Number of protein chains: 2
Amino acid sequence: MTDGAAEAFVPGHVTGLFSVHRTGDAARTGSRGVGLTLTDGVTVQIEPSTDPVTTIDGASTDVESVTRVLASIGVRADVHATTELPIGAGFGVSGAMALGTAFAANAAFDCEHTENDLVRIAHVAEVESGSGLGDVVAQARGGAPIRLDPGAPPHGRLDGIPETARIEYVSFGELSTEDVISGDTETLSTAGTAGLQTVRDHPTLETFMDASRSFARDAELLTDDVATAIEDVDAEGGSASMAMLGRTVFALGTGLTDAGYDAARCRIHNAGATLR
Amino acid sequence: MTDGAAEAFVPGHVTGLFSVHRTGDAARTGSRGVGLTLTDGVTVQIEPSTDPVTTIDGASTDVESVTRVLASIGVRADVHATTELPIGAGFGVSGAMALGTAFAANAAFDCEHTENDLVRIAHVAEVESGSGLGDVVAQARGGAPIRLDPGAPPHGRLDGIPETARIEYVSFGELSTEDVISGDTETLSTAGTAGLQTVRDHPTLETFMDASRSFARDAELLTDDVATAIEDVDAEGGSASMAMLGRTVFALGTGLTDAGYDAARCRIHNAGATLR
């Protein structure tokens, strides 16, 4: 890296179930729910620039939450993101780019924000862009985050499922987060609230997977390809569910390969976002 | 591991500055302050047993906070801890043993506690044993934790310094945590409160090291060997301070080796306590 540059890594995040909570304040707006952070994630490099560009895997892109983070921190910089994750498929790539930009820009420009400050800046940027409600706070924590209360620090509260596991995933394509979370979310939020309580009562990965399958069905978010893959994994004795929001299936252990799918493999990530 | 056994890793933790906050409730009692979690830490193995023993690095030992954690969770188990850290020298080994026991016992006995539950159980055990006030919550978080409010979840609040670094340390021997924190802590807490505000205003590792040196001096905790080592590192342009509470010096980067000390080397740990 050149002088004044910095690099951050942010884990991917699949949400299994969630409810939507909107307020007049973006820092208090967010989702409750449960998900898994992944060792597959997004690396974000920041370099001061007078003519800023953003790229992902080398291709020029325009990510509103990244632009908002840079404006909020008050700097002009190139943002270069690389990831092995599918984009727009429910892995929290936009949240990771926003959070990675916040961490790396703070380091590159010696801005002297705390970690909570940076999480709040990235969360607000995601909410205001309409691209996410809960990924950023989960990705800042790592592990298997339970989002007890919506919003960024100091408002949101988190807990976690104390387990680790190998995770597999396969993606059939995109779903628009913005379309779903800007629409009528009452049915979805009723199902998500019930699922969260189930996981809080029995905080294990197995319960989380079961509750996530129930949520996907009750919230009427399952697509045919996703439903088939979940059934195929189930038929082999495995445990899979749908990543919110993408046409993506994730499974514990070797559930997808056991069912004959050509799945990507990673693990639950122990840590939250970090500078490299 | 045998069936029903489980293993957890907990990072070491050096506190640079702190203030003491006692209440009638152990879960709300604790310290405010700032420290670093370390990649050198404690691995804890749990195995169900009808005649429980606790060992550290193979030697039989009696750690009150570990006994309290097992009683609180309601299980009987052997606890085998291994660590490369010096014991009783300010690295949070007792907190790590308590927290590692909580995580591993929860997994071995399928107790279905959340991570916050386990942190609270271990924190309360440490406070009631008089062996620590802030290590457990820091070790559950990872990174460079800022303890904003005392106590365990849901009471305590944490933030972090968004930096990572190589860390060196050298230890000249023990100091009794119990003797210091059970005595008059007014002078110490006044200095710790001032130091915490300094780090919150400028949340960088360099500010943390400066504030820690001021704290050690103002709180009158420096021993001669520690003071000499800190001065030696300073003379070589490095940055070192004292681990609370031990006759231990830690330094950023290669500060101690540059000053001619035979120091152990590790890094700031990105993650909190995790199951293996």
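The model is predicted: local features need pLDDT of at least 70 and side-chain atom pairs count only at pLDDT 80 or more, whereas totals for chains, interfaces and linings use all residues. Residues are numbered from 1 along each chain as its sequence is written, chains are lettered from A and ligands numbered from 1 in the order in which they are written, and side-chain values use heavy atoms, with hydrogens and water left out.

**Stop 1: the interface**

Select chain A and chain B together. Here 28 residues of chain B are in contact with 28 residues of chain A, contact being heavy atoms within 4.5 Å. The two chains bury about 2100 Å² between them, and carbon and sulfur atoms give 52% of this area; buried area is the accessible area (1.4 Å probe) that two parts lose on being put together, summed over both. Select next Glu112(B), Glu115(B) and Pro162(B), which supply 28% of the area that chain B buries against chain A, more than any other three residues.

Remain at Glu115(B) and display Arg141(A): the two form a salt bridge whose closest N and O atoms are 2.6 Å apart. A salt bridge is a side-chain nitrogen of Lys or Arg within 4 Å of a carboxyl oxygen of Asp or Glu. Between chain B and chain A there are two salt bridges.

Now colour the side of chain B that touches chain A by residue class. It has eleven nonpolar, ten polar and seven charged residues, where Ala, Val, Leu, Ile, Met, Phe, Trp, Tyr, Cys and Pro count as nonpolar, Asp, Glu, Lys and Arg as charged, and the others, Gly among them, as polar.

**Stop 2: the cysteines**

Select Cys111(A), which is partly exposed at 23% relative accessibility, and then Cys111(B), also partly exposed with a relative accessible area of 23%. Buried means under 20% relative accessible area, exposed over 50%, and partly exposed in between (1.4 Å probe, protein chains only). A search of the whole structure finds zero disulfides over all chains, a disulfide being a pair of cysteine sulfur atoms within 2.5 Å.

**Stop 3: Tyr169(B)**

Finally, select Tyr169(B), which is buried, with a relative accessible area of 5%. Leaving aside neighbours within four places in sequence, Tyr169(B) is in contact with residues including Asp40(B), Phe91(B), Phe250(B) and Cys266(B).
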